[in-house]
Amino acid sequence: MISKRIACIGAGYVGGPTMAVIAMKCPQYKVNVVDVSEARIKAWQTDNLPIFEPGLLDVVRAARGRNLFFSTEISAAIRESEVIFVSVNTPTKTFGEGAGKAADLQYWEKVAREILRESGSSKIVVEKSTLPVKTAQTMENILNANGKKVHFEVISNPEFLAEGTAVKDLLEPDRVLIGSRETPQGFAARQEIVDIYANWVPKDRILTSNVWSAELSKLVANAFLAQRISSINSISALCEKTDASVQEVARAVGMDSRIGSRFLNASVGFGGSCFKKDILNLVYICESYGLQEAARYWESVLAMNEFQETRFVRTIIREMFNTIVGKRIALFGFAFKADTSDTRESPSIYVARKLLEERAFVAVTDPKALDNARIDLAGYKENLDFVEDPYEAAKGAHAVAIMTEWAMYRSLDWENIYRSMEKPAFLFDGRNVLNHEQLYNLGFNVYPLGRPPLKHF
Ligand code: NAD
Ligand code: UGA
């Protein structure tokens with residue numbers, strides 16, 4: 001017996017996994033996931049899912065065809081559902097007012113108008129996408145400007161899952177945040193959404209708030225996480241100058257329970273579709289309220305990330321005798337983090353481009369992200385190779401640069417790799433995942449992040 005009909009518009013990294021978990025955990029609901037992209041929907045209907053996410057296929061299989069459906073029938077899904085989650089993309093605006101900072105809300109607004117056009121009964125519209133604070137107001141204005149006598153309640157239910165751990169994050173979330181208007185109708189809609197999650201999330205982890213706090217909390221959570229990475233990355237630069245080790249510093253600092261140990265791994269830079277976009281969005285909102293100092297503060301988190309990427313490339317060029325023309329450099333990893341095929345805003349894109357501009361020969365290897373890497377580097381025709389096998393990528397290379405912390409890179413036969421490379425062989429560990437002393441003893445010149453290099457000359 002179906003007790004609730006849920007639609008989700010947008011079958012991407014958020015919509016697909018989130019709805020699959022809701023459907024698996026709540027067999028009493030019918031969940032329709034819809035998207036304009038036929039290719040994506042077709043892939044969701046097969047076992048070759050459009051995104052790689054550990055454990056996701058099992059969840060999808062548990063519910064697909066039972067109470068979980070993927071289709072391009074957007075209008076029908078809207079018509080038959082009482083609750084509509086919207087998880088379409090909200091990229092940074094590339095044109096006009098606020099270009100390069102503000103969120104581009106065209107997809108969201110298009111969906112709002114579609115919901116309005118198709119709805120013959122009142123609905124709860126749930127913001128699942130990450131949106132600027134106060135977007136719910138705009139949505140309400142559009143949705144409730146109708147002569148249909150149907151009412152729309154807009155709820156903010158931002159998603160906190162991280163790629164690579166999406167299924168675990170959805171099954172055991174730190175918290176679920178549900179924001180609504182503080183009116184009788186708002187409270188009733190809030191409760192409906194609480195009831196969905198209460199099927200598997202402990203009650204004390206379901207937080208409720210006003211709708212603006214919920215919208216803003218999502219941007220702030222991402223900004224804080226990114227800020228920690230930029231903070232430790234800034235210290236990695238200082239460690240390299242002072243013979244300190246950034247890993248030792250992070251450990252000592254992170255053991256203070258007021259600070260905590262997570263998100264203190266120095267890296268070549270943070271990537272992913274959201275940190276940069278959401279901070280730019282926060283900066284734009286601060287600016288639009290005249291809060292210039294707050295805007296500059298958050299902007300510096302991004303400036304530090306760019307510095308870290310630039311620094312990484314500069315180190316490669318400087319240490320390889322100030323020229324990399326014609327030298328083969330193998331990039332190990334192209335995904336923005338391990339366990340995902342996603343390469344959006346991956347630091348590898350920046351690094352690969354810079355190396356190619358310096359006329360190096362770049363060999364890219366990655367266990368899951370080569371298709372996306374090919375798209376990201378489509379503008380470059382020469383001096384570029386994509387290789388499945390890391391051993392092949394490293395063969396004849398002057399340098400290997402670790403770009404993604406894939407676990408498999410730790411257990412490679414590095415002696416074999418060393419033997420197959422040009423000498424002197426360089427290793428730049430942009431993720432600090434390898435055993436640097438061991439590699440040095442094999443003959444590599446090793447450049448960890450946030451530690452002085454181990455060089456043979
Ligand atoms: P995505 O690009 O993977 O998916 C968005 C989907 O929406 C696409 O498949 C696209 O075809 C579809 N779409 C766009 N316009 C549409 C329309 N008018 N009708 C139907 N479908 C439409 O994006 P994503 O990574 O899933 O992110 C979605 C939102 O969630 C963003 O706001 C993002 O900031 C936020 N978010 C993402 C993550 C993440 O890990 N990727 C985590 C938390 C929050
Ligand atoms: C991030 C947040 O962690 C999620 O909570 C949020 O929902 C999501 O953004 C979103 O809004 O899209 P995600 O980008 O998938 O998730 O991945 P993270 O694990 O946060 O990593 C982001 C980047 O930071 C990666 O490039 C990662 O390698 C890097 N990172 C992470 C570091 O360089 N150091 C660290 O200590 C941690």
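Visitor: Why do H1 and H3 count as oblique to each other, and at what angle do they pack?

Guide: In this predicted model, helix H1 covers residues 15–25 and helix H3 covers residues 56–63, and their axes are 8 Å apart.

Visitor: Is the crossing in which H1 passes H3 left-handed or right-handed?

Guide: The angle between H1 and H3 leaves open the sense in which one helix is turned relative to the other, and this is described separately. When H1 passes H3, the crossing is left-handed.

Visitor: Turning to ligand 1, which side chain has an N or O atom 2.6 Å from an oxygen atom of ligand 1?

Guide: The shell of ligand 1 holds 27 residues, with Arg-40, Thr-90, Glu-163 and Lys-277 among the closest. Backbone N or O atoms also approach oxygen atoms of the ligand, at 3.0 Å for Tyr-13 and at 2.9 Å for Val-14. The side chain with an N or O atom at 2.6 Å is that of Asp-35.

Visitor: How much of the accessible area of ligand 1 does the protein cover?

Guide: Asp-35, whose side chain has an N or O atom 2.6 Å from an oxygen of ligand 1, is one of the residues closest to that ligand. On its own, ligand 1 has 830 Å² of accessible area, and the share of this that the protein covers is 91%.

Visitor: Which helix gives the largest share of the shell around ligand 1?

Guide: By class, this shell is made up of 10 nonpolar, 9 polar and 8 charged residues. The largest share, 3 residues, comes from the helix that spans residues 106–118, namely H5.

Visitor: Which side chain has an N or O atom 2.8 Å from an oxygen atom of ligand 2?

Guide: There are 20 residues around ligand 2, and those that come nearest include Leu-161, Ser-267 and Arg-431. Polar backbone atoms lie 3.4 Å from a ligand oxygen at Glu-159 and 2.7 Å from one at Phe-160. The side chain with an N or O atom at 2.8 Å belongs to Lys-337.

Visitor: Which helix gives the most to the shell around ligand 2?

Guide: The shell divides into 11 nonpolar, 4 polar and 5 charged residues. The helix that gives the most to this shell contributes 4 residues and runs over residues 211–242, and it is H9.

How values were computed. Residues are numbered from 1 along each chain as its sequence is written. Chains are lettered from A and ligands numbered from 1 in the order in which they are written. This is a predicted model: local features need pLDDT of at least 70, side-chain atom pairs count only at pLDDT 80 or more; totals for chains, interfaces and linings use all residues. Side-chain values use heavy atoms; hydrogens and water are left out. A residue is near a molecule or strand if one of its heavy atoms lies within 4 Å of it. A polar contact is a pair of N or O atoms within 3.5 Å; within protein, one must be able to donate a hydrogen and the other to accept it, and residues adjacent in sequence count only if both atoms are side-chain atoms. Accessible areas come from the Shrake-Rupley method with a 1.4 Å probe; for residues, only the protein chains shown count as cover. Helices (H or I, at least four residues) and strands (E, at least two) are DSSP runs, numbered from the N terminus. Ala, Val, Leu, Ile, Met, Phe, Trp, Tyr, Cys and Pro count as nonpolar, Asp, Glu, Lys and Arg as charged, and the others, Gly among them, as polar. Axes are lines fitted to C-alpha atoms, for helices over the stretch in contact, and angles run from 0 to 180 degrees between N-to-C directions. A crossing is left-handed if the near helix is turned anticlockwise from the far one by less than a right angle, and right-handed if clockwise.
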